[in-house]
Amino acid sequence: MITKHIKPDSLQEAADIIASGGTVIFPTETVYGLGANALDKTAVTKIYKAKGRPADNPLIVHIADVSQLENVARDVPKTAYELFRRYSPGPLTVVLKRKDTIPAEISAGLDTVAVRIPSHPVANSLIKLSGCPIAAPSANLSGRPSPTCYAHVKDEMDGRVDMIIDGGESDIGLESTVVSLAGDEPILLRPGAITLRQLEDVLGRVELSRSIFAEYDGSAASPGMKYRHYAPKAKVVLVKGYDSEVRSFIKSKIRSNEGCGVLCFDGEEEFFCEAVTRSYGIPSEPRTLAHNLFDALRFFDSTPVSVIYARVADGNGIEMAVLNRLIKAAGFTVIEV
Ligand code: TXA
Ligand code: MG
């Protein structure tokens, strides 16, 4: 398949591709998405094929504004409207009961649907011009880190979709917060830039899905959580503990092993000078850590390292999302020193 690459000045052609059943990669404020007409079963199947995504991992449906919500979901609770009013357009996805107009393939057969209203102007215009809701997962090959800039999608997805829109860098750099309102109690399925605290402001107590920090046990409400995710080619090992002890531990590993990489904080490179280092920000600025994480993981793919030791910040804000992605990237290998 020949992929057309465009700048986002004229989106009509991209919208026509979506409307006629094709696939388009487009920028959003979180990560790039691989979109197709959410009302068209055949088009949705193309998304799974382009990503090599297992058919039991459901997709998010993107709408332009809340007036389209009842076209895709049914029995929408008041709290969903309140969440969208407070935090959308933006990095929030709400799981609701699915309306029959949305093909079951989107939700991997579940009777729910995940809905998001993106704030990125290109994403928003594309939905409006297409005249349909757009189903879109992150635009990476299944299992790989989500793409946060045009170079990532160009490298990985050229030849797999009809069009790629070059929208520069994603502002946030991590995927949206996913919260389910489809059951009796609200459940946080995936942490993101909208924090647990912000959700609780609207919803009261929100349960945390076990799959956020623990290996899939067969019962997770979000099937996507069971797969190894965000994985660079090298093995990732997450190291937690006091700064000085974490640094000594990683240094001892570097001395006894060839091919070590360290995902570290700014200013720490000198401690690990015998390894390949990449810093991704400082703990007091967690939004920067989130913004840089996936690009840093991809950086290591261009180096010969076979293992990456990763530093991580503690905190209940967006730090929780960064920790979640790193735990998945590490395939749950966490060392507490
Ligand atoms: O920021 C984002 O959410 C990006 C951009 C493109 O919007 N999209 C994204 O999609 O990250 P994806 O497919 O990579 O992740 C969707 C997540 C998966 O963990 C999936 O299991 C969950 O949402 N999900 C989707 N539909 C669901 C449903 N009906 N019930 C439970 N979880 C669902
Ligand atoms: Mg994804």
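Residues are numbered from 1 along each chain as its sequence is written, and chains are lettered from A and ligands numbered from 1 in the order in which they are written. Because the model is predicted, local features need pLDDT of at least 70 and side-chain atom pairs count only at pLDDT 80 or more, while totals for chains, interfaces and linings use all residues; side-chain values use heavy atoms, with hydrogens and water left out.

I begin with the sheet. Five strands form an open sheet with parallel pairing, in the order β15-β14-β16-β13-β17. Strands here are DSSP E runs of at least two residues, helices are H or I runs of at least four, and both are numbered from the N terminus; two strands pair if DSSP finds at least two bridges between them. At the edges stand β15 (276–279) and β17 (334–336), each pairing on one side only. From one strand to the next, the twist averages 25 degrees. Within the sheet, β14 (residues 260–264) and β16 (residues 307–310) share four bridges, and V262 stands opposite Y309 in β16. Helix α9 (residues 286–299) lies across β14 and β15, running at about 165 degrees to β15. Such angles run from 0 to 180 degrees between N-to-C directions, with axes fitted to C-alpha atoms, for helices over the stretch in contact; contact means heavy atoms within 4.5 Å.

I turn now to the interior. A nonpolar core is a set of buried Ala, Val, Leu, Ile, Met, Phe, Trp, Tyr and Cys residues joined through side-chain atoms within 4.5 Å, where buried means under 20% relative accessible area with a 1.4 Å probe, protein chains only. The largest such core has 47 residues, of which I25, L83, L96 and L199 touch the most other members. Helix α2 gives the largest share, five residues. Beyond its neighbours within four places in sequence, L199 contacts residues including L83, Y87, L92 and V206. A second, separate core of 30 residues includes L174, Y230, F265 and I318.

Helix α5 (residues 121–130) has buried residues, among them V122, L126 and I127. These buried residues pack against α1, β2, β4, β8 and β9. After α5 comes G131, with a positive phi near 75 degrees.

Finally, the ligand. Which residues are closest to ligand 1? Of the 26 that surround ligand 1 (a heavy atom within 4 Å), the closest are T30, R53, H62, R116 and S176. Polar side-chain atoms of T30 and H62 lie 2.6 Å and 2.7 Å, respectively, from an oxygen atom of ligand 1.

Notes: Buried means under 20% relative accessible area, exposed over 50%, partly exposed in between (1.4 Å probe, protein chains only). A polar contact is a pair of N or O atoms within 3.5 Å; within protein, one must be able to donate a hydrogen and the other to accept it, and residues adjacent in sequence count only if both atoms are side-chain atoms.
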